[in-house]
Amino acid sequence: MLSTVLSVLVLATFALVGGAIWLWNRPGMRRQAMLMLVLAGIAVVNVAIWTLPDSEGRSPIGQVEDR
């Protein structure tokens, strides 16, 4: 289940970046585009926290799925 949530989060990140690029060229919409990019960055950090292993080679998603 968590893998599915992380996959959707990655897809949402791509959609946010694409929408931000599209909004950047519209007059008066640069603030919203920047906020979308910030949100995409936060989503990437969340995915990285769950998937990247620590110094011992254990990742949080691996520990959750082992149970």
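Modeller: Helices here are DSSP runs of H or I, at least four residues long, and strands are runs of E, at least two. Keep in mind that this is a predicted model.

Biologist: How many helices and strands does the protein chain have?

Modeller: Three helices and zero strands. From the N terminus on, the order is α-α-α. The radius of gyration is 15 Å, well over the 11 Å that the globule rule gives for 67 residues, so the protein chain is more spread out than a compact globule.

Biologist: What box do the C-alpha atoms fill?

Modeller: Roughly 50 × 25 × 10 Å, taken along the principal axes.

Biologist: How do I check a helix, and what span should α1 have?

Modeller: Count 1.5 Å a residue. Helix α1 covers residues 2-24, which is 23 residues, so it should span 33 Å. Its end C-alpha atoms lie 32 Å apart, which agrees.

Biologist: Which residues of α1 are buried?

Modeller: Buried means under 20% relative accessible area. In α1, that applies to Leu6, Thr13, Leu16, Gly19, Ala20 and Leu23. Across the protein chain, buried residues make up 19% of the 67.

Biologist: What share of the contacts with a separation of 6 or more joins residues 24 or more positions apart?

Modeller: The share is 40%.

Biologist: And the charges: how far apart are their mean positions?

Modeller: Take the 5 positive and the 4 negative charges of the protein chain. Their mean positions are 25 Å apart.

Conventions. Residues are numbered from 1 along each chain as its sequence is written. This is a predicted model: local features need pLDDT of at least 70, side-chain atom pairs count only at pLDDT 80 or more; totals for chains, interfaces and linings use all residues. Side-chain values use heavy atoms; hydrogens and water are left out. The radius of gyration is taken over C-alpha atoms; the globule rule is 2.2 Å times the number of residues to the power 0.38. Buried means under 20% relative accessible area, exposed over 50%, partly exposed in between (1.4 Å probe, protein chains only). Contact means heavy atoms within 4.5 Å. Lys and Arg count as positive and Asp and Glu as negative; His and the chain ends are not counted. The place of a charge is taken as NZ of Lys, CZ of Arg, CG of Asp or CD of Glu. The expected span of a helix is 1.5 Å times one less than its number of residues.
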